[in-house]
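Trainee: I would like a close look at one part of this model. Please take me through the charged side chains and their pairings.

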Amino acid sequence: MTDSPQVFHLITRLLKGGAEEKTIQTIFGLDEYEFTLGYGAEFDSEQVSRLESSGVETHRFRTIRHYNPITALPAVISVAGYLRREEFDIVHTHSTEAGIIGRFAAAIANVPAVVHTVHGIPFAEDRNMILNRFVCHCERFCARWTDRIVTNADAITEAYLQRGIGCPKQYTTVYSGINLDRFRNASPADDVNGSGVRILMVSRLADGKGFVDLFDAIEAIDEEISVYLVGDGPLYDEIEESITERDLPVSLLGYRSDVASIMAACDIFVLPSYREGTPRVITEAMASGLPVVSTDIAGIPEQVADAKSGFLIQPGESVALVDRLRQLIISAGLREEFASVAQKRVERFSVKTMLSDLDNMYRIVLADARD
């Protein structure tokens, strides 16, 4: 142990998503704290190795599972016991399940300060209504034991407050940060060389991302295009089969570590999601100089200025998706105009700004805990 404040991060799944990357950036970027990362049953071994090889202690809780109420109580007991033994100054939870389990456990273990980050709104129209109500009730209850609730966008804060979760003084907006220069200066990937205008989507291959809407739009577009889909997830085989059956001009690239280079080789970025937080991948696309077509949900309007740096549509509006994509496909001048605005707007989403905001927040909750 050191004299530095001891911070325990807890996340449901340690995979290769935006929530995980923001958490790991915090751990690597704030030198004045001693971090430990806890994660649930699902994990990526490369992520664990990345942390442990850098001297970060990790701990796996097998009973923390994605939307599994049966294992929730054993998980609370397990995490609470761990917190009692380790005596952390701050518990910082991430994502819905770990947020609920971790905050219950922190209350039992009497941890001095508790922070929760909302990476995306878990209440969505395409999810079960009973599940939405249950999660909302749990969030209201857990807010009582939360010193600070961190959101990725002001819109997410408003959505939570409208549902009676916590009070305004508990909330802090911290935009997810990226290394802007990495995307501004990337060289184009050699294998992204299709004909026509190149359209890119980067996403976890899971429900709620709008893949069917995108595929319907591609079929309706007559102009010459090449579409690239980057990501991995439970729908990989289903998406691959759909691409083949519909004979779409889509290249499924799977998980790639060179997303910056792929973006540098493309002309348009699309993300027709039904639920998001403030997607890091949109920030990355903006830094790469790509106009964005996405949905008007959660924090995305705080990233994309509609009809100025990209286009925003409502989830499921396939006709609008076709129209907005076609406008960008047929006009290189419009793409350049939007890209210029996007690269100016993206300054607020730097890693430096994110780390400074998180450091300030930690200092405040630690000071309050001592009073």
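Mentor: Start with a cut-off. A residue is buried under 20% relative accessible area, exposed over 50%, and partly exposed in between. Glu42 has a relative accessible area of 35%, so Glu42 is partly exposed. Keep in mind that this is a predicted model.

Now the pairing. Side chains of opposite charge can pair when their charged atoms come close. The structure holds 16 salt bridges. One of them joins Glu42 to Arg13, with the closest N and O atoms 3.9 Å apart. The cut-off for a salt bridge is 4 Å, from a side-chain nitrogen of Lys or Arg to a carboxyl oxygen of Asp or Glu. The two partners come from distant parts of the chain, 29 residues apart. Glu42 sits in the loop between β2 (34-39) and α2 (45-52). Arg13 sits in the loop between β1 (6-11) and α1 (18-29).

Next, take Arg246 and Glu219. Their side chains meet in a salt bridge at 2.8 Å, N to O. Arg246 belongs to helix α9 and Glu219 to helix α8 (residues 211-220), so this pair ties together parts that are 27 residues apart in sequence. Check the accessibility of each partner. Arg246 is partly exposed, with a relative accessible area of 25%. Glu219 is also partly exposed, at 46%.

Then there is Arg326 with Glu223. The closest N and O atoms of this salt bridge are 3.4 Å apart. Here the pair links parts of the chain that are 103 residues apart. Arg326 lies in helix α13 (residues 318-330). Glu223 lies in the loop between α8 and β9 (225-230). Arg326 has 26% relative accessibility, so Arg326 counts as partly exposed. Glu223 has 27%, and Glu223 counts as partly exposed too.

Salt bridges can also form a network. Lys16, Asp44 and Glu46 are linked in this way.

Asp207, Asp237, Glu238, Glu240, Glu241 and Glu245 form a negative surface patch. Patch members must have over 30% relative accessible area and no salt bridge. Look at Glu245, which is found in helix α9 (residues 236-246). Glu245 has a relative accessible area of 61%, so Glu245 is exposed. Helix α9 also carries Arg246, the partner of Glu219 in a salt bridge.

Technical notes. Residues numbered from 1 in each chain as written. Predicted model: local features only at pLDDT ≥ 70, side-chain atom pairs only at ≥ 80, totals over all residues. Heavy atoms only, no water. Patch = residues over 30% accessible without salt bridge, like charges linked within 9 Å, V, L, I, M, F, W, Y side chains within 5 Å. Areas by Shrake-Rupley, 256 points an atom, 1.4 Å probe, with all protein chains shown as cover. Lys, Arg positive; Asp, Glu negative; His and termini not counted. Charge placed at Lys NZ, Arg CZ, Asp CG, Glu CD. Helix = DSSP H or I, 4+ residues; strand = E, 2+ residues; numbered from the N terminus. Buried < 20%, exposed > 50% of the residue type's maximum accessible area, 1.4 Å probe, protein only.
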